[in-house]
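Load the model in the viewer and keep the selection panel open. The stops below go from strand pairing to a cavity and then to a helix.

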Amino acid sequence: MRHFVALILMTMANMASAQLVIDGRVAMMDELTNTLLATVPEESFNTTATMSVKTGKDWHFCTIDGNDLEDTYTFSKITADKTFTVGYVDGEGQPHNLTLRFTFLPLVQLEGTFGNDYTEGTLLISSPDAPQTDTLAATVKWRGGSTNTPDKHKRNYKVKLKKNKSLFGMRNDDSWILDAGQADVFRLRNRIAMDLWNDIATPPYYIDREPSARNGVSGKVVEVFLNNEYRGIYNFSENLDRKQMRLKKVDDGEVHGCLYKGKTWQRTQLFLPLESYDNHSETLEGFEVKYPDLSDNDTTDWRPLVEACNFAIRSHRQEFEAQVADYYDLGPMIDYSILMSVTNAVDNSGKNLFWAVYDKATSKCLTLAPWDLDATFGQRWGGLLDHVNGLASPRYLCDVDVRVFFNLYAFNTYQFNDSLNQRFTELRQAGQPLATDSLISRFRHYYLLLKNSGAADRETEKWSGDSDLNGETIDFDKEFKYICDWIKLHLRILDLRKFPVDYNQDYFEKIGITQPLTDRQESDAAPLYNLSGQRTQQNSRLKPGIYIQKGKKIIIRR
């Protein structure tokens, strides 16, 4: 359908702007299919409901299914599949017929021309439990890294409202995200994995001082329109920022709270030192600073991240075990290691990981928070699937390949590994978040939400086979079954192991990882290879980095 957009728009150029308001909520118009979509409470589905109906000022002689329209209309047996024909005559006397459908998901219309920079726009929100449609002034831009290249179609958006507002029962704020699930054939893995994190995550270390601090975000499934074109299923989400984590603000020019995000793989796994940094730069290796924002402040502060990284690399075992809790918040790290292994979050070890300091004036301790969890539950990043043998396989075992975790696993500091196994066992009990039935129920909830509202069919018609998905077919029935089977097999495999999955003694030699070396060492006999498989020159001065010798991982620092 979308391949004939230009032709359709030409035939509709003289069509009056359509507007239909049902029970106070504006029905959104998809001009490509000549379809109106209205939202009503879920309890209205499978019933006959009488609702108030109002039309645009340019509509005349309106009918629904051939019946003259008055102030109310009785819609019989509303379902996701049921359609109603809306007829009207425009201001120029031309007749039009539109197809009306119903959903019980909220509807969001973006109006404006958007790109990589914030531009002015308008947000219309029709929620089934609200008495009227909200019209909100905002600035909007595209967001994302690999999801924001020129060839992408179903865009992600970042929205800044002109005024703070609580939306869908979430926080009162101006900053919001529209996550398209662009490469995910189920569209909602990110939402579901984040819901799981919210249920299992230990609060950050400063929760007693900031009771509302959160290291995760809430979201709501919505259906989005862009300038009267249906764009499909989105996760309307809070933003993970200083406000969400309740970090201390800059005070009289002095930096207190800090927030960093792993944007790329470059050094974000903290295996190599972060030697130099510029507090007037928004980036450091693969990291970007999220707070303090240089556009709002003359300077940021990379020092807490740099010091924590270099501590993990350079400290001897005794020093590491004595001081690691001063640098890292261990409670959420236990939960994150479990999250990574349970969901196989292959794109979230270093990259797509936030590190935050509450107030560096009182503590240098870093706590963590996950982000962009779409490459989970059998889905690789970029929509590239290898269900049998690759990273998407339920047999693949994923762990946190970040240096501080590497040390904690190797040394079992503060019985870190024992705590992992105890926590995992607790969460696997019946009724707990990691019970097999509980995980499947999460996906079933959203699967039925999409199916029963009709959103699954609309998404399939709009995006199945698109290049965003590398041509993959969207089939929610098939994908739900695949995810359920994946969860069952993956958890059976995890139950047979001990945490951390890449550091069990019986697995230790197989994967060729030794305990981290904390002093500069060089090879005197056995050949050394870099991670590209190239042999180093014998007797050469080794550069800092990771090498392989006799199948073992060797870390060289300065």
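Select residues 107-111, strand S10, together with residues 119-126, strand S11: in this predicted model the two strands pair in the antiparallel sense over five bridges.

S10 and S15 pair in the parallel sense, over four bridges. Here Val 108 stands opposite Val 224 of S15.

The structure holds one cavity of 30 Å³ or more, and the largest cavity contains about 70 Å³ of space. To outline this cavity, select Arg 143, Ile 177, Asp 179, Asn 190, Arg 191, Met 194, Val 217, Asn 235, Ser 237, Trp 371 and Asp 372. Strand S14 (172-179), helix H2 (189-200) and strand S16 (230-238) each give two or more residues to this lining. H2 gives the most, with three residues. Coloured by residue class, the lining divides into four nonpolar, three polar and four charged residues.

Last, select residues 403-411, helix H7. Is this helix mostly covered or mostly open? Helix H7 is mostly covered, with nine of its nine residues buried. Among the buried residues are Arg 403, Asn 407 and Tyr 409, along with Phe 405, Phe 406 and Phe 411. Step just past the end of H7 to Asn 412, which takes a positive phi of about 50 degrees.

Conventions. Residues numbered from 1 in each chain as written. Predicted model: local features only at pLDDT ≥ 70, side-chain atom pairs only at ≥ 80, totals over all residues. Heavy atoms only, no water. Buried < 20%, exposed > 50% of the residue type's maximum accessible area, 1.4 Å probe, protein only. 1 Å grid on protein atoms, 1.4 Å probe; cavity = no way out; pocket = protein on both sides within 12 Å on 5 of 7 lines; lining within 4 Å. Points joined across faces, edges and corners; volume = space filled by probe spheres on them. Nonpolar A, V, L, I, M, F, W, Y, C, P; charged D, E, K, R; others polar. Pairing = 2+ DSSP bridges.
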